[in-house]
Amino acid sequence: MCSSDLKRAQDALNAAMTAALRGPGATVPEYAVLTALADEPGMSNADLARRAYVTPQTMNQVLRELERRGWVSRHPHPGHGRILQAELTAAGRQVLGACHHAVGAVEEQMLSGLGPAARQQLVVALQSCIAQLTPG
């Protein structure tokens with residue numbers, strides 16, 4: 001496998017997710033934010049930007065849009081008034097469920113050509129790649 005194969009796979013997955021998330025009305029970065037907040041409520045703009053691989057400025061725009069739609073609420077951090085913590089609203093949790101369903105269908109389509117053994121090999125190979133690139 002060469003780096004262009006990995007890039008092409010990444011591009012194809014991103015395009016498929018972008019198309020699938022149109023149904024629930026979300027973008028890939030918005031889905032990343034909703035997922036992160038479901039896992040860890042109260043994350044800051046900077047933390048979310050790191051998780052979604054976007055700049056803090058871009059994340060601020062994403063969060064403003066999610067707030068406008070009523071999917072996220074933000075409030076000042078109790079110890080640091082300038083830091084805003086974000087949390088999912090009930091509507092945000094509902095949209096996230098629809099997004100998970102849409103992305104799950106994409107993942108199933110992506111893996112449909114692999115049998116159980118090949119899927120397991122892929123998981124092991126990806127975990128190895130992650131371990132090799134993770135510091136510490």
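**Ground rules.** I am working with a predicted model, where local features need pLDDT of at least 70 and side-chain atom pairs count only at pLDDT 80 or more, while totals for chains, interfaces and linings use all residues. Residues are numbered from 1 along each chain as its sequence is written, and side-chain values use heavy atoms, leaving out hydrogens and water.

**Overall build.** I looked up the elements and found 6 helices and 3 strands. I note that these are DSSP runs numbered from the N terminus (helices H or I, at least four residues; strands E, at least two). Their order from the N terminus is α-α-β-α-α-β-β-α-α. The C-alpha trace spans about 50 × 40 × 25 Å along its principal axes. Of the 136 residues, 26% are buried; here buried means under 20% relative accessible area, exposed over 50%, and partly exposed in between, with a 1.4 Å probe and protein chains only.

**Helix α3.** Next I asked which residues of α3 are buried. In this helix, residues 45-52, they are Leu48, Ala49 and Ala52. They sit on the same side of α3, because they cover an arc of only 105° around the axis, taken from the directions from the helix axis to the C-beta atoms. Their cover includes α2 (28-39), β1 (43-44), α4 (56-68) and β3 (84-88), with contact meaning heavy atoms within 4.5 Å.

Tyrosine 53 follows the helix and lies in the loop between α3 and α4. I noted its phi, near 60°, a positive value in a residue other than glycine. Is tyrosine 53 buried or exposed? Tyrosine 53 is exposed, at 77% relative accessible area.

**Salt bridges.** I counted a side-chain nitrogen of Lys or Arg within 4 Å of a carboxyl oxygen of Asp or Glu, and that rule gives 10 salt bridges. In helix α1 (residues 3-21), aspartate 5 and arginine 8 are 3 residues apart, about one turn, and their side chains meet at 3.7 Å, N to O. Aspartate 5 is partly exposed at 33%, whereas arginine 8 is exposed at 59%. Also in α1, aspartate 11 and lysine 7 are 4 residues apart and pair at 2.8 Å, N to O. A helix has 3.6 residues a turn, so residues three or four places apart point the same way.

Further along, I found arginine 69 and glutamate 65 bridged at 2.9 Å, N to O. Salt bridges with shared partners link Glu30, Glu65, Arg68 and Arg69 into one network.
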